[in-house]
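Here is the note you asked for on this structure. Please keep the sequence and the 3D view open beside it as you read.

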Amino acid sequence: MPNALHTLSIKGFIARFDTDEACREYLVKVLWKGRPRCHQCGFTDKIYKYASRPVYKCGNCGTQFRVTTGTIFESSKIPLTDWFLAIKLIACSKKGMSSHQLAKEIGITQKSAWYMEQNIRLMLGNKEYNHMLSGKIEVDEVYMVRDTSIPTKQGHGTNKQKVFGMRQRNSDKNEAGELRIQVVPKVTQKVLHPIIIDNVKLQAWLMSDEWGGYNNLTKKYKRGVVNHGKRQYVDGDFHTNSIEGAWAHLRKLIAGIYHRPSKEHLQRYLNEFEFRYNNRKKALELIFKSAMKQSDVRTRHKDIKLDSWKNSQKPKSK
Ligand SMILES: [Zn+2]
């Protein structure tokens, strides 16, 4: 493969993925590991490709399919070359991009750009965690302000969108490791404990602020508590600085680029943020490949409501 992907410069990237055919070839490699697989029955042995169009037929069940079947690209009229460029600009950048900017970069309408971005965010969240967090894990919550989209910490009873996060510290240097964040309906023990138990290895260290909601987990985890009320922010190893650093980045992203994400789309913005954060140290071509591997997810039009696009166009109130 030319080193265009390696450097992932815009110029090299556009030269590499200059036709939809080139994009499909890449998808065949990434999604099927080079071996076409029936979308219906999973058969790989007798798959025939039509000479005249990019369609395959399964010799086992007769189903016709494309490499884009079952992906975010299926049934989209937008060329794959535009999709690929949008994914590169969003997944492989440091800060993401507004749909307004994306529309200008690619030369498409803002409505199309907005639709693509919502799909790309869905893709970036399309993964299964295949391991438990371990060692020292910082846990924390933030509250998203609906109208201005600025996350603020204002106590647990606040009537705002709630986001819960866990961040592993890499054991050797205590540096920030994997981050997992999600929208939660409530910040209560009943909601948060099962999430922690599903994601964090038993007997790991849980680092949190003084909120008592985590205290009942002491039989399962070792606990480190920071008392922010007493202005105790760093007590040796007991701190939540890494996850608070992540919230600060999220706050900037939401305030600066994605004004006022609506309630139903907030998780998608978190997907994008988490993906970029967890992949930030990888080479760009690997980030792109990781994103593409997750493209096998379908959205229905009704899931991405265009009303929300219209709402997102309203001027920001200050
Ligand atoms: Zn089949």
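The points below cover how to read the model, then a sheet, a helix and a loop residue.

1. The model is predicted, so local features are described where pLDDT is at least 70 and side-chain atom pairs count only at pLDDT 80 or more, whereas totals for chains, interfaces and linings use all residues. Residues are numbered from 1 along each chain as its sequence is written.

2. An open, antiparallel sheet is formed by three strands in the order β1-β2-β3, where strands are DSSP runs of E with at least two residues, helices are runs of H or I with at least four, and both are numbered from the N terminus. Strands count as paired if DSSP finds at least two bridges between them. At the edges lie β1 (47-49) and β3 (64-65), each of which pairs on one side only.

3. Between β1 and β2 (residues 56-58) there are three bridges, and Lys-49 has Tyr-56 of β2 as its bridge partner.

4. Just after α5, Gly-107 has a positive phi of about 80°.

5. Thr-218 sits in the loop between β8 (205-209) and β9 (222-226). Thr-218 is exposed, because 10 other C-beta atoms lie within 10 Å.

How values were computed
A residue is buried if 20 or more other C-beta atoms lie within 10 Å of its own, exposed if 12 or fewer, and partly exposed in between; C-beta atoms are placed from the backbone.
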